[in-house]
Amino acid sequence: MIGFPRESTPGDRRTLLTPTVVRLLNEAGFTVLAEPGLALGIGCPDELLAAEGVQFASAEEVWSAPLVLRYKCTDPEDMGRLSPDQSIGGLFHAEGDPGMLAALTVSRATVYSYEFLTEDGQFPLAVAGSQIAGVQAVHLGVQALQLPAGRGVLLGAVTSAEPAEVVVIGCGNVGSAAADTAAALGASVTVLARTEPAAASYRSRTPHGVQVVVNTPSTLARLLTEADLVIGAILISTFDTPPMITEADLATMKPGAVIVDATCGYGPGYLPTAGPTQSPGAPPHVVGGVLHVKVDTLPALVPRTASSAYTAAAAPYLLRLAQHVLHGTEDLAIASACIAHAGELVHLVCRQHAAFYELGASA
């Protein structure tokens with residue numbers, strides 16, 4: 001039996017429980033138990049899910065299933081609903097949340113965090129959300145570049161007008177989606193790759209109008225003086241990530257230029273002038289005359305698109321997770337997503353961040 005409780009993140013309407021997921025799990029012989037109204041936020045009524053075989057029950061019954069699956073888990077108190085013999089899967093991003101890390105160890109349940117699932121050197125369950133964030137980062141940049149605060153530059157092709165200059169730091173899923181979107185609008189786009197092999201690999205699939213170069217301090221410094229929009233899209237930004245753009249760099253940029261931190265992360269990170277994360281719709285944070293946008297909930301703003309894209313990619317892995325947990329099937333990819341078991345943090349990234357918080361608490 002697999003339980004699908006309602007999401008507890010305020011305002012999040014995304015869901016894992018689509019007809020595609022239900023059908024796949026039912027065909028494999030699993031009973032799907034869900035709270036009523038779980039998918040209404042994406043326009044999927046209970047009747048449609050019931051027709052696919054979903055059984056609806058109270059929250060207590062759903063949370064008592066041997067395997068509990070959610071889209072995202074952000075409330076540490078939810079872990080108190082679980083017993084040590086249960087397993088749960090979700091997007092936890094626990095490494096950035098000391099309260100969640102503590103809750104994982106207290107509950108003693110086995111925890112799988114989708115963003116860590118690795119297969120063939122890739123992170124297949126991070127693709128959809130990353131692509132959405134890359135596209136939306138450009139949309140946010142378009143808005144911020146307009147008056148009254150921005151440079152007054154349109155990020156689009158207009159006859160006889162100079163194209164906007166866009167710099168994208170990173171060529172992974174987020175960066176490539178941002179570059180594709182900006183180029184499609186008509187901007188002149190330069191993508192900064194971490195290494196020459198990464199740059200060479202990305203050049204083979206770049207659209208027309210996108211230049212790819214290796215990210216060096218001198219190259220970035222030059223491009224910042226020319227940029228209208230800078231999109232930060234590196235894979236990992238954490239407490240010990242060196243800054244790439246400082247206040248001294250902002251002084252060289254055009255007044256009203258925009259920096260969008262598309263991947264956010266933890267601590268000051270590589271874009272320290274961006275400051276803390278902002279609520280959707282909040283005005284950009286202005287430092288040194290440069291506008292900063294840092295929103296870490298971008299896919300949640302388009303729940304229909306996010307749920308559709310995410311579950312299409314996740315469905316076969318959810319089935320494999322169910323087979324691994326409930327049938328004991330060996331699966332290295334699924335095991336790679338395990339972050340906690342029997343009261344211990346078992347994933348290296350979570351252990352590293354837990355150590356950081358402990359050091360910070362004792363300092």
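**Domains.** I started with the domain assignment, which gives domain 1 as 2-108 + 303-357 and domain 2 as 127-301; these bounds come from an automatic or database domain assignment. Before going further I noted that this is a predicted model, with local features needing pLDDT of at least 70, side-chain atom pairs counting only at pLDDT 80 or more, and totals for chains, interfaces and linings using all residues. Residues are numbered from 1 along each chain as its sequence is written, and side-chain values use heavy atoms, with hydrogens and water left out.

I looked up how the two domains sit against each other. Their C-alpha centres lie 32 Å apart. Contact (heavy atoms within 4.5 Å) links 13 residues of domain 1 with 8 residues of domain 2. The area buried between domain 1 and domain 2 comes to about 830 Å², and carbon and sulfur atoms give 68% of that. Buried area here is the accessible area (1.4 Å probe) that two parts lose on being put together, summed over both. Which residues of domain 1 lose the most area to domain 2? I found Pro303, His353 and Phe356, together 36% of what the domain 1 side buries.

**The open sheet.** Next I traced the strands. Helices (H or I, at least four residues) and strands (E, at least two) are DSSP runs, numbered from the N terminus. Two strands pair if DSSP finds at least two bridges between them. On that basis I get an open sheet of 8 strands in the order β3-β2-β1-β4-β5-β6-β14-β15, with mixed pairing. β3 (55-56) and β15 (344-345) are the edge strands, each with a single partner, so one side of each has no neighbour in the sheet.

I then checked some pairs one by one. β1 (residues 2-4) runs parallel to β2 (residues 32-34), over 3 bridges. Phenylalanine 4 has alanine 34 in β2 as its bridge partner. β6 (residues 110-113) and β14 (residues 338-341) are antiparallel, joined by 2 bridges; there, tyrosine 112 is the bridge partner of cysteine 338 in β14. β14 goes on to pair with β15, again in the antiparallel sense and over 2 bridges. Histidine 341 faces glutamate 344 in β15. These two strands make a hairpin with 2 residues between them, and alanine 342 in the turn has a positive phi of about 55°.

**Cavities.** On a 1 Å grid over the protein atoms alone, a cavity is a set of points where a 1.4 Å probe fits but cannot get out, whereas a pocket is an open set with protein on both sides within 12 Å along at least five of seven lines; lining residues have an atom within 4 Å of a point. Grid points are joined across faces, edges and corners, and a volume is the space filled by probe spheres set on the points.

I count 2 cavities of 30 Å³ or more. The largest cavity holds about 50 Å³ of space. What lines it? The residues are Tyr112, Tyr114, Leu117, Leu125, Tyr317, Leu318, Leu321, Ile334 and Ala337. By class, that lining has 9 nonpolar, no polar and no charged residues. For the classes, Ala, Val, Leu, Ile, Met, Phe, Trp, Tyr, Cys and Pro count as nonpolar, Asp, Glu, Lys and Arg as charged, and the others, Gly among them, as polar. Helix α10 (residues 303-327) gives the most to the lining of the largest cavity, with 3 residues.

The second largest cavity has a volume of about 30 Å³. Glu165, Val166, Val167, Ser188, Thr190, Leu223, Glu226 and Ala227 line this cavity, and they divide into 4 nonpolar, 2 polar and 2 charged. β7 (165-169), β8 (188-193) and α8 (217-226) each supply at least two lining residues, with the largest share, 3 residues, from β7.

α5 (127-144) and β13 (290-293) are the elements giving two or more residues, and α5 has the largest share with 3. The pocket lining has 12 nonpolar, 6 polar and no charged residues.

Last, I noted two loop spots. Leucine 147 and proline 148 are joined by a cis peptide bond with omega about 20°, and proline 148 sits in the loop between α5 and β7. Histidine 93, a residue other than glycine, has a positive phi near 45°; I place it in the loop between β5 (87-91) and α4 (98-107).
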